[in-house]
There are 2 protein chains.
Amino acid sequence: MTERIYGRRPVAEAERGRRRVHRVWRAPDTPADELERLCGSPDHQGVVAEVDPYPYADSSALLDAEDALVVVLDQVQDPHNLGAVCRAAEVAGAAGVVIPDRRSASVTPAVCKASAGAVEHLSVARVRNVADWLGYAKQAGAWVYGAAAEAERRYTDVDWSGRVALVLGSEGSGLRPRVAGACDELISIPLGGRIGSLNASVAAAVIMFEARRQRTSRHPA
Amino acid sequence: MTERIYGRRPVAEAERGRRRVHRVWRAPDTPADELERLCGSPDHQGVVAEVDPYPYADSSALLDAEDALVVVLDQVQDPHNLGAVCRAAEVAGAAGVVIPDRRSASVTPAVCKASAGAVEHLSVARVRNVADWLGYAKQAGAWVYGAAAEAERRYTDVDWSGRVALVLGSEGSGLRPRVAGACDELISIPLGGRIGSLNASVAAAVIMFEARRQRTSRHPA
C-alpha cells in the first residue's frame, strides 16, 4: 500500500531518502485543485508524491552507537508537534525518535510536512509501551532523562555524554507517572517570563543542542 | 480602534496583561459560527475578546537593563514564525523583540495566537530601519550578533553577557547585506543531519537559552 505525501521539501527529501517514490504530480502540469484532491490537503505547495509507507525503524537498533541520543515522545498527539520535534531531532544529530504505537500521532503525510521532510532521514520507531522501552534502554546502557517542569535539576547541570534517552510528555499534561518512574532522572529548563511554557519542539531542541554543545566541546571538530 | 483576539491562552494572557479588554465572547453562550465570524478565524477555541490595539514598546527603552537581550527580526513575514519567536523570547527572559514596520509581520491576532499570548507580556517594538537601530544599539553599549548559516563562529563560543542584540533574518534568505554589515559578529548553530535548517523560532530559542545558560552559570541562583 502506498501513501501520498505533499509539499516541496517533504517530496524533495523523500526523493533523496529511503522510501520508494512511485509517482510525482506537479503544478502546473496537474491543476491545484487536482493536487489538493490527490493528497487531501490544501498545503501541497504545488507538489504531491505517491510513496511507499513510512519505513519505521527497529527500536532496538536506535541505541547501537555509543553516543546515541534518542528522543522518546510519550503520547504527543498533535501532528505538527511530532513533525517539529522530528525536524529538530534530525538537525541536532539525534539517533532517532521513539513513539508509542497507540495514543500518539504516527508519521502521516501531515507529520512529513511539519518536519520539512526530516523524517525521511531520521529513524522513527514505534513501541508498544514507552515505560518498557525505557527499561530496555537502561539495560542497553543508556541514561534516561525525563523532562518535567517541576524537576529541580537543570538540563544544563547533567552529563549528556554516552547513550542517552530524553523523554518528553504530551502537550499540557507532561509525563505519565509510570513513564516518569522509569526515568533515571527528571530535569527541567529554567524559564523566565510569565507564560511559563515552551512549545514541545522548542523544549526538545533547547535540550538536544545543549547535549550537542557538551559533546562538541569535549571532542572539538 | 479595537481589535479582536481569539484562543484560550491569548485571551487569558490579555486579561492579565497590559491592554484593556473591552468584551469577551465565549462558547456555548456565543455559538461557534458566531465566534468564527467575530474574529475571522476558525481557531478561536471557543473564546474571542475585543481589546485595545497592541501596545508596541519604545525601541529605545529595550536596552535599558544592563543585561538586556533583545531579539531583532529582519523581515520575518510569517505570522506563525513571529508568534513562535515571541513566545520563545518571553520564556527565555528576553528584554524584547524588534521588528521593522514594513515588510514584516506585525503583532496581529494571528501572531497573538501563535505566541500563546506571550506578546501580552513581552515588549515588541517597531523600527523604521533595522540597520539604523542596530547602530543605535551599539551606541547604547550592546554587542550585536547576527545569525548566519555560513558563519564560522559558533553561537556557543561567544560571550552572551551584558547588553546584546541577536539578529535573525527572514525565512529562507537570511540577513540582508546591510543588516549583516551592521552586526559586530556573525554566528551560526552547527547542524548535524541532512536537512540542514532549523525553524526560526527553534534557532532563536537554542541561541537565547545558551545565553541564559551562560548568564545563569555566572550568577548562580
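**View 1. Pro28(A) sits in the loop between strand S2 (21-26) and helix H2 (32-39) of chain A.** Helices (H or I, at least four residues) and strands (E, at least two) are DSSP runs, numbered from the N terminus. This is a predicted model, in which local features need pLDDT of at least 70, side-chain atom pairs count only at pLDDT 80 or more, and totals for chains, interfaces and linings use all residues. Residues are numbered from 1 along each chain as its sequence is written, chains are lettered from A and ligands numbered from 1 in the order in which they are written, and side-chain values use heavy atoms, with hydrogens and water left out. The bond to look for joins Ala27(A) and Pro28(A): a cis peptide bond, with omega about 5°. In chain B, Pro28(B) lies in the loop between S2 and H2. A cis peptide bond links Ala27(B) to Pro28(B), with omega about 0°.

**View 2. Thr30(B) is a buried residue of the loop between S2 and H2 of chain B.** Its relative accessibility is 10%. Buried means under 20% relative accessible area, exposed over 50%, and partly exposed in between (1.4 Å probe, protein chains only). Leaving aside residues up to four places away in sequence, Thr30(B) touches Trp25(B), Leu35(B) and Leu38(B). Contact means heavy atoms within 4.5 Å.

**View 3. Three strands of chain B form an open sheet in the order S1-S3-S2.** The pairing is antiparallel. Two strands pair if DSSP finds at least two bridges between them. Strand S1 (3-6) and strand S2 (21-26) of chain B are the edge strands, each pairing on one side only. From one strand to the next, the twist averages 25°. S1(B) and strand S3 (residues 47-51) of chain B run antiparallel and are joined by 4 bridges. Find Arg4(B) here: Glu50(B) in S3(B) stands opposite. Helix H2 (residues 32-39) of chain B lies across S1, S2 and S3 of chain B. H2(B) runs at about 35° to S3(B). Axes are lines fitted to C-alpha atoms, for helices over the stretch in contact, and angles run from 0 to 180 degrees between N-to-C directions.

**View 4. Helix H1 (residues 8-15) of chain B has four buried residues: Pro10(B), Val11(B), Glu13(B) and Ala14(B).** Seen down the axis of H1(B), these residues fall within an arc of 165°, so they line one face of the helix. The arc is that of the directions from the helix axis to the C-beta atoms. Their cover includes S1, S2, S3 and helix H4 (109-114) of chain B.

View 5. Arg103(A) lies in the loop between strand S5 (96-100) and helix H4 (109-114) of chain A. With 54% relative accessibility, Arg103(A) is exposed. Look for Ala116(A) in the loop between H4 and strand S6 (124-127) of chain A. Ala116(A) is buried, at a relative accessible area of 8%.

**View 6. Strand S7 (residues 143-147) of chain B is mostly covered.** Of its 5 residues, 4 are buried. S7(B) runs parallel to strand S8 (residues 164-168) of chain B, and 4 bridges join them. Trp143(B) stands opposite Val164(B) in S8(B). Strand S9 (residues 185-187) of chain B also runs parallel to S7(B), joined by 3 bridges. Here Gly146(B) faces Leu186(B), which stands opposite in S9(B). Strands of a sheet pair through backbone hydrogen bonds, either parallel or antiparallel.

**View 7. Met208(A) and Met208(B) touch the most other members of the largest nonpolar core.** That core has 99 residues. A nonpolar core is a set of buried Ala, Val, Leu, Ile, Met, Phe, Trp, Tyr and Cys residues joined through side-chain atoms within 4.5 Å. Not counting residues up to four places away in sequence, Met208(B) touches Leu69(B), Val71(B), Ala88(B), Ala89(B), Ala92(B), Ala94(B) and Leu166(B). In soluble globular proteins, nonpolar side chains tend to be buried together.

View 8. The same surface serves both copies, as 97% of the contact residues of chain A recur in chain B.
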